[in-house]
Amino acid sequence: MEAQDLLKKVRKIEIHSRGLSNIIFAGQYHSAFKGRGMAFSEVRAYQYGDDVRDIDWNVTARMNSPYVKVYEEERELTVMLLIDVSASLDFGTRMQTKRDKATEIAATLAFSAIQNNDKIGVVFFSDKIEKYIPPKKGRKHILYIIHEMLDFHPESKRTDISCALQFLYSAVKHRCTAFILSDFYYRGDYEKQMIVCCKKHDVVAIQLYDQFARELPDVGLIKICDAETSHEMYIDTSDKKLRQAHRQYWQERRASLDRLFSKTNTDNISIATNEDYVKSLIQLFKLRS
């Protein structure tokens, strides 16, 4: 992609995602993703309805009238985006690829984070850690992240979700909120890494998929290619048994993910490339709130 076209695309994504985060998501994001706890702020005179457990007895004794402690939420969060950059994300049959959709969602989450004064960092992963962008604040930092998402070229085509989880656990020392944006096409076992990671961090899974992954259309004989292995083969989509087997494979994959996310208490949503992701994110935020 030429530099001028890249800048135009970065700007377009910024305008769209900032608008969403300002108008729709800022308040809901704040409610859905809490700070680290409550910190003492000040004392004030007791008012009817205040919890007597909050009374500051030392100040009350000095002032000869009841005073209570006031606490504020420790708001600042660290938000990490774990973004799958394997070759399977380059697939899309309706207007957008899974990578395009991931970029828009990640940008919207990033702008929502800085609206709430949170830091944002990124891990690009394939079957290894391709790039790590440490958490920072500010618009320039997010524009750099968007630029990288649009123009980044991974060294590997394959996927290994376990390596991303292991890196998150070791690289981010304090508790963070981590969004995994992936199609979760990975045959390996990463349950142990997920369990360990979820005990330390607040992990949210966002599955990106193309509608043809869920329902194969009847379009006759077609050639398909596995983006990660480059294996090619012809299939006859007019075969009802083939389409049924494809549908069943999708359902089994989704059921397997549901079991994993339930076991690790991981909030998750699935978003198709032809769907409006705004509704899905609002649903996720409301669920957490």
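How many bridges join strand β4 to β5? In this predicted model, local features need pLDDT of at least 70 and side-chain atom pairs count only at pLDDT 80 or more, whereas totals for chains, interfaces and linings use all residues. Residues are numbered from 1 along each chain as its sequence is written, and side-chain values use heavy atoms, with hydrogens and water left out.

Strand β4 (residues 119-125) is joined to β5 by five bridges, and the two run antiparallel. Strands count as paired if DSSP finds at least two bridges between them. Within this pair, Phe125 stands opposite Ile129 in β5.

Both strands belong to an open sheet of six strands with mixed pairing, in the order β5-β4-β3-β6-β7-β10. Its edge strands, β5 (129-136) and β10 (267-272), each pair on one side only. On average, neighbouring strands of this sheet are turned by 15° against each other, direction ignored. Strands of a sheet pair through backbone hydrogen bonds, either parallel or antiparallel.

Helix α4 (residues 139-151) lies across β3 (78-84), β4 and β5, and runs at about 165° to β5. Such angles run from 0 to 180 degrees between N-to-C directions, with axes fitted to C-alpha atoms, for helices over the stretch in contact (heavy atoms within 4.5 Å).

The protein chain as a whole holds nine helices and 10 strands, which are DSSP runs (helices H or I, at least four residues; strands E, at least two) numbered from the N terminus. Of its 289 residues, 45% are buried, meaning under 20% relative accessible area (1.4 Å probe, protein chains only).

Note on methods. Buried < 20%, exposed > 50% of the residue type's maximum accessible area, 1.4 Å probe, protein only.
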